[in-house]
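We will begin with the whole chain and then stop at a few places along the way.

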Amino acid sequence: MVRRPVALIVALVLFAEALGIAVLNWSLGTLAERQNMSLAGIDPDVMATSSKAGGIGFGLYFAFCGLVALLVGLRNRPPAGFGRILLISAAVVHALLGAFAWGLLGRQQFAFMMVVLALIVLLLMTYDVQPGPAAEAPRDGDGGDGEPEGDATAGERPEDGGEGTKGEDIKGEGSPLTPPAAPTTP
């Protein structure tokens, strides 16, 4: 399968991004501090401190996202709960960074952000695959082809004279209801 390699690649890319973001923002903060730079009258110390803090914050965020992806790859289980939310937010952040990169940096940086976004989405989507009815083992009383035995339809129950509700199979176990067909325009 593709799941484990994708999860491990996403983890490596996110760890590299975490380090790159932290180093970049730390060096920009150091540069602003040493040159005593100010932007629109903001205190240079505040600029340097906020740049360093932002670098550490985003670095930890991407490192934690990479840790979630690494655990997904090692355990071969889908991300759940907070880890899933974290990976979805990382995908959104990469989409936004890609949009900014297109306008400010260029096509290569945009392409990199879109590749990372695609990897994260691929990681999330490959673990979302649920087995369909064809993958289920035949139950007692089934002929193995998914159709119930006998001449009763899915809307009728043989034990009560054929009066059943739609959405229930022969044994009374609730099956998921399908939505009605979408209306068509004449």
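Colour by secondary structure: the chain has four helices and zero strands, with helices (H or I, at least four residues) and strands (E, at least two) taken as DSSP runs numbered from the N terminus. Along the sequence the pattern reads α-α-α-α. This is a predicted model, in which local features need pLDDT of at least 70 and side-chain atom pairs count only at pLDDT 80 or more, while totals for chains, interfaces and linings use all residues. Residues are numbered from 1 along each chain as its sequence is written, and side-chain values use heavy atoms, with hydrogens and water left out.

Of the chain's 186 residues, 25% are buried (under 20% relative accessible area; exposed is over 50% and partly exposed in between, with a 1.4 Å probe and protein chains only).

Next, select helix α1 (residues 3-34) and helix α4 (residues 107-126). Their axes come within 9 Å and cross at roughly 140°; axes are lines fitted to C-alpha atoms, for helices over the stretch in contact, and angles run from 0 to 180 degrees between N-to-C directions. α1 and α4 are therefore oblique to each other (under 35 degrees is roughly parallel, over 145 roughly antiparallel, 65 to 115 roughly perpendicular, the rest oblique). Show side chains at the contact (heavy atoms within 4.5 Å): among those taking part are V6, V10 and L14 of α1 and F112, V116 and L123 of α4.

Now for the rings. The structure holds five aromatic pairs, where rings of Phe, Tyr and Trp (its six-membered ring) pair if their centres lie within 6.5 Å, and planes under 30 degrees apart count as stacked, over 60 as edge-to-face and the rest as tilted. Select F58 and F62, a tilted pair with 6.4 Å centre to centre and 35° between the planes. Both lie in helix α2 (residues 44-75), four residues apart, about one turn of the helix.

Move on to W102 and F110, an edge-to-face pair with 4.9 Å centre to centre and 75° between the planes. W102 is partly exposed, at 49% relative accessibility, and F110 is partly exposed too, at 26%.

Finish at W26 and K52. The charged end of K52 sits over the W26 ring, 4.8 Å from its centre (NZ of Lys or CZ of Arg within 6 Å of the ring centre and within 35 degrees of the ring normal).
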